[in-house]
Amino acid sequence: MPKYLRAHAPHDDGEARKIRRLAGARHAPADWIERARIVALSWDGLAVPAIAAEVGCHQNTVRRWLHRFNAAGIDGLGNRPGSGRKRRITEAQRSAIIALARSAPPGHLARDGAGELSADDERGPAQRTLDTLAQAARDAGIAVGRSQVRRILLAEKVRWRRTRSWAASTDPESALKGPASWSSTPPHRRAPP
């Protein structure tokens with residue numbers, strides 16, 4: 001006869017209240033809610049296949065969380081430390097990438113004491129882009145790609161682009177000059193009074 005896996009009975013009323021409250025929560029982490037529902041459904045007498053169908057997961061997932069709850073209680077429902085992929089770059093390297101993004105690029109023109117425009121490195125980029133930031137990081141010995149630089153800067157809310165002005169050009173030969181509206185946009189007509 002097969003052995004039926006069930007969650008152990010709650011140690012006290014406090015543990016049962018916590019599990020039931022977490023199982024019905026709306027503003028808790030979704031993984032904790034699902035795991036608490038698994039335990040609560042087991043307490044209600046459902047078997048592993050019925051719990052898996054109710055929660056919408058695989059039977060092995062239900063078994064894993066019931067075993068973890070039986071071994072460690074409520075603390076067993078959380079993720080173990082060290083789960084997930086390890087970071088490929090250190091926190092110091094992340095800080096160096098952020099500092100690069102906040103610094104002026106080597107080809108940026110600046111006025112010197114005499115009022116003349118000059119750049120530190122005239123062959124260097126005048127603006128920071130993701131490509132130039134990734135290349136500068138690789139030159140500094142940080143093995144990082146363009147997409148990872150973008151994720152780091154977005155997570156830290158660091159701007160790497162300058163804002164662009166949408167003012168019209170004063171150059172009479174400019175191709176940007178033209179009608180006030182796009183040619184494909186029909187003119188706005190007012191309704192008669």
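This briefing covers helix packing and nonpolar cores. The model is predicted: local features need pLDDT of at least 70, side-chain atom pairs count only at pLDDT 80 or more, and totals for chains, interfaces and linings use all residues. Residues are numbered from 1 along each chain as its sequence is written, and side-chain values use heavy atoms, without hydrogens and water.

**α1 with α2**
- Helix α1 (residues 13–23) and helix α2 (residues 30–43) pack with axes 7 Å apart, at about 120° (helices are DSSP runs of H or I, at least four residues, numbered from the N terminus; axes are lines fitted to C-alpha atoms over the stretch in contact, with angles from 0 to 180 degrees between N-to-C directions).
- Contacts (heavy atoms within 4.5 Å) include Ile19 of α1 and Trp43 of α2.

**α2 with α4**
- Helix α4 (residues 59–72) crosses α2 at roughly 80°, the axes coming within 10 Å.
- That makes the two helices roughly perpendicular.
- Among the residues that meet are Ile38, Val39 and Trp43 in α2, and Val62, Leu66 and Phe69 in α4.

**Cores**
- The largest nonpolar core has 22 residues (buried Ala, Val, Leu, Ile, Met, Phe, Trp, Tyr and Cys joined through side-chain atoms within 4.5 Å; buried is under 20% relative accessible area, with a 1.4 Å probe and protein chains only).
- Ile19, Ile38, Val39, Trp43, Val62, Leu66 and Phe69 touch the most other members.
- α2 gives the most to this core, six residues.
- Another core, of 15 residues, lies apart and includes Ile98 and Val144.

Terms used: Angles under 35 degrees count as roughly parallel, over 145 as roughly antiparallel, 65 to 115 as roughly perpendicular and the rest as oblique. Buried means under 20% relative accessible area, exposed over 50%, partly exposed in between (1.4 Å probe, protein chains only).
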